[in-house]
Amino acid sequence: MGQIVLEQVTKSFGDVTVIPPLDLTIEDGEFAVFVGPSGCGKSTLLRLIAGLEDVTSGEIRIDGKECASIPPARRGLAMVFQSYALYPHMTVRKNIAFPLRMAGFDRAEQDRRVEQAAAVLNLTDYLDRRPGQLSGGQRQRVAIGRAIVREPAAFLFDEPLSNLDAALRVGMRLEISELHNRLQTTMIYVTHDQVEAMTMADKIVVLRAGHVEQVGSPLDLYRAPRNLFVAGFIGSPKMNLIEGEEAVKHNATTIGIRPEHISISESEGRWSGIVGVSEHLGSDTFFHVHKTGLADSITVRADGEVGFKHGARIHMTPRDDMIHRFDEKGLRIA
Amino acid sequence: MARTVTTQRKIVTTLVAWGIGLLIFFPILWTILTSFKTEAQAIADPPVWFFFDWTLENYRVVQERSNYSRFLWNSIIIAGGSTLLGMIVAIPAAWSMAFVPSAQTKNILLWMLSTKMLPAVGVLYPIYLIFIQLGLLDTRVGLTIVLMLINLPIMVWMLYTYFKEIPGEILEAARMDGAGLREEILFVLTPMAIPGIASTILLNIILAWNEAFWTLNLTAARAAPLTAFIASYSSPEGLFYAKLSAASTMAIAPILILGWFSQKQLVRGLTFGAVK
């Protein structure tokens, strides 16, 4: 069990309010991702749930139990840190066994659970090494091993993959998702990487300056961003935002269209412009089109085989049903 | 371009280093040499260097005249006790300053250090009176407490700088893993800080061992440590340099040996944080 409820939670450091009153519910077994630009309060929020920081006001309930006065050690949560935070003076085996030792399990049970976790995480051959002798990916797996042995009510991940190289990151992303599917335990995952958020989450919580901008499934956020901030943050490359005459035609202050919802042609289209930089990813090509009269630059996705020279004139047509409309306050018009 | 170190340059620096080293060590060397001379040779002019009649006479006389082992035992108890007591106070203090700092932490640290700038004699009178009142004069307990207090600022400072180097996330991880404050300090912080704690302990034993002002002023016979043992040979009977040297050699020998075997640890301790 691991339902986590935040009610009117606030956090200030001195005069600076990092989290204004915030309500949020994370259901048992859910994979929730807190995402937002750096400094948006997502890590602080996680640390409040962990108990590493005290809330200034409001309530945090884990499984219905108010836990302001419960120290982190007894909240039944496990945390994986960005820096891994392994104990450098202990072997991998002792690192993973540490929470069990603290919980008072006997040696036989400790060994059994450590072996089991090590088998799951491919760490069996490294149990007698120290963290300093492991690679980044292995260290991350030790940190995860240390989190899972205690069978916590929920896992908290604080940007766990940001110290890994790109290839490893994709692999670990899958491993964590697999882990969630197998354990069905609540997980809260903090990241600034919207790709991680989109690929892993059941529920994404988009934060800005401590405010929850939108909560929803990845596809909800992709299809119907509630405001301009979410529209710009979710999706890669970013949604094109167009103001002015073109927006007025749609009865909006701003309209948004994703690069993948614009078709391009050499000869005809609703909009036209000059091709600037082209990014060839193999599967896709992204063109940055200038001098369209709409915005500084419009990004368009095309098939990987499509090629236009730098400086060529091209024509673009947006899919009308994929145009997002926003009012003068930046809120979505339904 | 890499700076080339010529052989000539190497020789010069080596000579200079040895020169400075010998200059610093010379008083100790001279004391040790003198302790093996006769009283006449000890004050000979010009001084004799190595070619004299080596004798153990002074050591025999010193042994006969005073009870070395009693002074030694007092020194061990006072230096060891004040260090142990100090660590019990300093580790939690440094922990709180390093990991739960408040707005005043820096000020408190500086204020603590400022007590070291106070001339000791300035507080001799009040402390002497307090000692009389509490019946602590010439007791090992009293001296242990005083030495602990005067070295405490240095202990806290040293430990604080060591603890600062330990990433706070590791302690937070311990907290998340179910460790209480006691387990956190005992199983995670202390093992990681062992080099720092060891050099702090060593430095404090040495400081307490060599402390003369308070030990001389607050003891008479019963609690007198080795510093008083040396002093007893310097005053009444005039100038018995050889015997004084023998007493000094006996007093500094234990700490010299301890220092020699732990020099690696000490050097690391004193330069910690300078290189990384």
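**Domains, chain contact and nonpolar core**

Chain A is divided into domain 1 (4–231) and domain 2 (241–326), with bounds from an automatic or database domain assignment. The model is predicted: local features need pLDDT of at least 70, side-chain atom pairs count only at pLDDT 80 or more, and totals for chains, interfaces and linings use all residues. Residues are numbered from 1 along each chain as its sequence is written, and chains are lettered from A and ligands numbered from 1 in the order in which they are written.

The centres of domain 1 and domain 2 of chain A, taken over C-alpha atoms, are 38 Å apart. Their contact takes four residues from domain 1 of chain A and five residues from domain 2 of chain A. Contact requires C-beta atoms, placed from the backbone, within 7 Å.

Chain B and chain A also meet. Chain B supplies 15 residues and chain A 18 residues. On the chain B side, helix 8 (168–176) and helix 9 (181–192) each give two or more residues. Helix 8 of chain B gives the most, with six residues. Helices are DSSP runs (H or I, at least four residues), numbered from the N terminus.

The largest nonpolar core has 144 residues. Such a core is a set of buried Ala, Val, Leu, Ile, Met, Phe, Trp, Tyr and Cys residues joined through C-beta atoms within 7 Å; buried means 20 or more other C-beta atoms within 10 Å of the residue's own. Among the residues with the most contacts inside this core are A:V33, A:M79 and B:L159. Helix 7 (residues 140–164) of chain B gives the most to the core, with 13 residues. Not counting residues up to four places away in sequence, B:L159 touches B:A90, B:I91, B:A94, B:G196, B:I197 and B:T200.

Technical notes:
Two residues are in contact if their C-beta atoms, placed from the backbone, lie within 7 Å. A residue is buried if 20 or more other C-beta atoms lie within 10 Å of its own, exposed if 12 or fewer, and partly exposed in between; C-beta atoms are placed from the backbone.
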